[in-house]
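Thanks for making time this morning.

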Amino acid sequence: MILFVIVALCALIGAVGVVIAREPVHSALFLILNIIALAVFYIVLSAEFLAAAQVIVYAGAIMVLFLFVVTLLTAGKEDQQRSESLKGQRLAAGVLAVLAGGGLAIVAVFNPSRPGLLPLALPRNFGNLSGMGAILWGPDFVYLAAVALMLLTAAVGVMVLNRPRPAPEANPKVREREL
Amino acid sequence: MIPLNWVVGLAAALFGIGVVGVLVRKNPLIMFMAAEMMWNAAALVFVAFARSFHAMSGQVMAFIIIGTAAAEVGIGLAIIVSVFHHRHRLDIDEVSRLKG
């Protein structure tokens, strides 16, 4: 239980830090803290493969991508705040979201679970690489194929989004439309 | 073992913080990170219930969530970079009209 409190505090600190940090780089580093705390939770909940995948995919690939974009876009610029276009939107959004999240959390914590539902011992290979491989290449192969197709589509989509455009000076009409 | 209720409660709190981040911040990168946190909270609930019900289908769903998040980050960051090349400001209000 003490371990749970410590890791949960790490996750919550990371989450709050993402939201309140001024610099996007600090947000990214707080998000890494949050992700690693969740990976610890996955290990405790006997999902070893997912913990490894979480660290590799999130803390590795996704955060590196984030850091690249943050350095590319915010290098040498200061963040200037503009006036809000929707008055009071932040306050209302914050209050509503805190009410929703807090309400969900309270309901979740104080709702009694049904312990009679569960068998006692975990099945063999629960959550490790063999178990995940057996289920992903067996009965749930369609999900593996769907994820593969989705990642392929995303890669092609990124290339299409960032394809080199025709030179805007050549055709002033195109330039006007694009601006 | 950790009680299931507390894990689900933690996930709800993380989801709420992510909602606050998406709604309050104006930097699209930070909004994106908050959205990632919401994905993560959903995956945590799936893993917790998979452990509780001894069914690995929940872990398969969490696997799909991780894969989806990877694809989504690639596409989303490409869109942010593309918008930034047009507008030269990191502010979500720049695209409030969704016109190129």
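B:His54 counts as buried, because its relative accessibility is 13% and buried means under 20% relative accessible area, with exposed over 50% and partly exposed in between, using a 1.4 Å probe and protein chains only. This residue lies in the loop between α2 and α3 of chain B, where helices (H or I, at least four residues) and strands (E, at least two) are DSSP runs numbered from the N terminus. B:His54 also has a positive phi of about 55°, although it is not a glycine. Most residues other than glycine have a negative phi. In chain A, A:Ser46 is found in the loop between α2 and α3, and A:Ser46 is not a glycine either, yet has a positive phi of about 50°. A:Ser46 is buried, with a relative accessible area of 12%.

Before going further, a word on what you are looking at. This is a predicted model, in which local features need pLDDT of at least 70 and side-chain atom pairs count only at pLDDT 80 or more, while totals for chains, interfaces and linings use all residues. Residues are numbered from 1 along each chain as its sequence is written, chains are lettered from A and ligands numbered from 1 in the order in which they are written, and side-chain values use heavy atoms, with hydrogens and water left out. The model scores ipTM 0.90 and pTM 0.85. For chain B the mean pLDDT, which is the predictor's confidence in each residue from 0 to 100, is 86, and 96% of the residues of chain B reach 70 or more.

Turning to chain A, its secondary structure comes to 7 helices and 0 strands. Of the 179 residues in chain A, buried ones make up 30%. If we take the contacts in chain A (heavy atoms within 4.5 Å) with a separation of 6 or more, 47% of them are between residues 24 or more positions apart.

How do α2(A) and α3(A) run relative to each other? The axes of helix α2 (residues 24–44) and helix α3 (residues 48–74) of chain A come within 9 Å and cross at roughly 175°; axes here are lines fitted to C-alpha atoms, for helices over the stretch in contact, and angles run from 0 to 180 degrees between N-to-C directions. The two helices are therefore roughly antiparallel, given that angles under 35 degrees count as roughly parallel, over 145 as roughly antiparallel, 65 to 115 as roughly perpendicular and the rest as oblique. By class, this contact has 18 nonpolar, 2 polar and no charged residues, where Ala, Val, Leu, Ile, Met, Phe, Trp, Tyr, Cys and Pro count as nonpolar, Asp, Glu, Lys and Arg as charged, and the others, Gly among them, as polar.

Between the chains, the axes of α2(A) and helix α2 (residues 28–53) of chain B come within 10 Å and cross at roughly 5°, so α2(A) and α2(B) are roughly parallel to each other. Among the residues that meet there are A:Leu38, A:Phe41 and A:Tyr42 in α2(A) and B:Asn40, B:Leu44 and B:Val47 in α2(B). The residues of this contact divide into 13 nonpolar, 3 polar and 1 charged.

A nonpolar core is a set of buried Ala, Val, Leu, Ile, Met, Phe, Trp, Tyr and Cys residues joined through side-chain atoms within 4.5 Å. In the largest one, which has 67 residues, A:Phe41, A:Tyr42, A:Leu50, A:Phe66, B:Leu29 and B:Leu44 touch the most other members. Helix α3 (residues 57–87) of chain B gives the most to this core, with 12 residues. Leaving aside neighbours within four places in sequence, A:Tyr42 is in contact with residues of both chains, including A:Leu50, A:Gln54, B:Asn40 and B:Leu44.

A:Val18 lies in helix α1 (residues 2–20) of chain A and is buried at 0% relative accessibility; beyond four places in sequence, its contacts include A:Ser27, A:Phe30, B:Ile30 and B:Met37. B:Thr68, in helix α3 of chain B, is buried at 18% and touches A:Met150 and B:Trp39, not counting residues up to four places away in sequence. Finally, B:Asp91 lies in the segment after α3 of chain B and is buried at 6%. B:Asp91 and B:Leu29 are 62 residues apart in sequence and 9.2 Å apart in space, C-alpha to C-alpha.
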